[in-house]
Amino acid sequence: MEKFTTLTAIAAPLLRINVDTDAIIPSREMKTVSKTGLADGLFAGWRYRTLGSRDEDPGFVLNQEPYRRARILLSGANFGCGSSREHAVWALAEWGIRAIVAPSFGAIFQGNCVRNGILPVVLAEDVVADLAHQVSADPAARLVTVDLGACRLTAPDGGTHAFAIAPADREMLLEGLDAIALTMKRDDEILAFQARDHLRRPWIYLGEVVRK
Amino acid sequence: MGRTIIDKLWAEHQVADLGDGTSLLYIDRVFLHERTGSVALKELAAAHRRVRNPEQVFCTMDHIVDTFPGRGDATRVPGGTAFITETRAAARAAGINLFDLGDDRQGIVHVVSPEQGIALPGVTLVCPDSHTCTLGGIGALAWGIGTTEAEHALATKTLVVRRPQSMRVRFEGTLAPGVTAKDMILKLIATHTAAGGVGYVIEFAGAAVRSLPVEARLTLCNMGVEFGAWTVIIAPDEAVFDYVRGRPYAPQGAALDQAIAHWRTLASDADARFDRELLVDCDTLAPQVTWGTSPQHAAGIDGIVPDPATESDAGRRQSMQRALAYMALTPGTPLAGLPIQAAFIGSCTNSRLSDLRAAAALLRGRQVAPGVRAICVPGSTQVRLAAEREGLHEVFLAAGFEWREAGCSMCFFAGGESFGLEERVVSSTNRNFENRQGPRTRTHLASPVTVAASAIAGRLADPRTLASRG
């Protein structure tokens, strides 16, 4: 997984609440059993004028210069609610988004972000609105900086905002860790748990012999 | 201080305390389907990692499969067949339990899971599907995850989880006839917004919950994710123990007695404290129907389309304005009476036998209004077979409904079958998002009885105005 340390980039405002994962990547755009090939379908229902077409709607923020080069997305509360489809995160990452700033996130989406090198930054609604306002004056010059090491976001006017992130999530992003490999190091603990648990809750273990 | 049901289940499944409120939790069961599980199995194999306990992993076909009678691997979803065939091959290679097409255990994952006794009280169960919270209805700690986390659970039997805050929602009072679990959950979301549960694991409790049959509890919990919750759970009781008895993967005989003795301990202690408490009064609850493009856009069927001008919060106001434009609705319009073009009964929310019985009781001897396309998709092959044994399919067919094979069907549009452009649909599903059910399709979420009453009227209709012919 790609590491996330600091990022200074164009930030695109999409200030809508409850942006759901069906909107981020419609089901019809998930065409193959794969994590790739999804950027084209990102926000397809909003980016393109008609369903299934690639005829861009110039009114949609990510179709506008310089937001086409945005690496940060500013959005409303409950971003990424709805379906668990990790394709939403894969599509955002493939398109180029590395950080999303919103007042809150859908829980599954937030977890998916961290596992794919995208930083979810939780900041108050008025702060996000102010960032959007600052950026819009000159988006190509008025950049936003996100520093994960310091857990700090710097606005175009130099104002700084501390943000919170679970320590384990922060470490995973900073180091680009493989979570499965990390957990596999605890194999002995998992086996010991199973041996204990099998005595306590035998009905859980469907006809199998717990490996000792 | 007393412990909540969540405290108890957390402690019981904790393999290691990782600090900062984060735990390595043991995962008892993993369930997969061909839409997202396919990618997880494929990626795991590509990384040369094996499924750690394949006996405790299950997979079904529900999202992409067609629901027409006589279906096979061919599907109307472009590229869809690959999801079916690749899932089948990967499931066989991994040695997991597969409920394939043609298997009478096939169906929507969250309908099959309790039906087969795979989801049980007190188990941890994950699935790369957001509606996994449904299984909280039988007292399972079950939640939706992404594909990468599914790989983690498959490879290690564990997940790294940060403990959410705790909330209890008490639904008190008695439901009036024609008012259902679907109306309870829509009311909660409408009152406290689709983000009201973000950051929480929630226990649903109260007299109105206690009196719900098990299948209705599954409906109530199904839309916990639409409330933003990490997951939701209802403490298991005698009704649940009776439900579990005799299910294929459930413990039997002495093992069941031992399990039930354990399950009886899985309730929040009287002095347990929650970080937040909410109350929903069910005595005055009317059947709910959505008017917008978020589940929080719901109101009583006897209500009107609200006016965004009266909303003080700017974000919510803009969301309402966008929703009304998408739905082609004007503030002040009565919800009952809005003409519809289609009616859908199905999905992991409302497709169980009790849902079909309740809808059939209204449809018996009545007809779907001219010009309305009406479809019923049983949630599982077992539900379909049970319904057919009771003759319910004849009631649906005689009324003018299509009667389908089990699957997720038109709960969402994947490029194949859909409702028409800008058609207004009353639907027993869980999401009314833009373009969810089809190109610019206008979805009104409601209970199965409200869908049935509306199909007959050809307009959104109050089920309380129709006499049951059950």
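**View 1. Two domain centres in chain B lie 24 Å apart.** The centres are those of domain 1 and domain 2 of chain B, taken over C-alpha atoms. Domain 1 spans 6–263 and domain 2 spans 288–465; the bounds come from an automatic or database domain assignment. This is a predicted model: local features need pLDDT of at least 70, side-chain atom pairs count only at pLDDT 80 or more, and totals for chains, interfaces and linings use all residues. Residues are numbered from 1 along each chain as its sequence is written, with chains lettered from A and ligands numbered from 1 in the order in which they are written.

**View 2. Domain 1 of chain B meets domain 2 of chain B.** Domain 1 brings 42 residues to the contact and domain 2 brings 36 (contact: C-beta atoms, placed from the backbone, within 7 Å). On the domain 1 side, helices H4 (109–115), H6 (181–192) and H8 (214–222) of chain B each give two or more residues. H6(B) gives the most, 6 residues. Helices (H or I, at least four residues) and strands (E, at least two) are DSSP runs, numbered from the N terminus. This side has 17 nonpolar, 14 polar and 11 charged residues. Ala, Val, Leu, Ile, Met, Phe, Trp, Tyr, Cys and Pro count as nonpolar; Asp, Glu, Lys and Arg as charged; the others, Gly among them, as polar.

**View 3. Chain B touches chain A.** Here 63 residues of chain B contact 52 of chain A. Elements of chain B supplying at least two residues include strand E1 (14–19), helix H3 (80–94) and helix H11 (314–327). H5(B) has the largest share, 7 residues. The chain B side divides into 27 nonpolar, 21 polar and 15 charged residues.

How values were computed. Contact = placed C-beta atoms within 7 Å.
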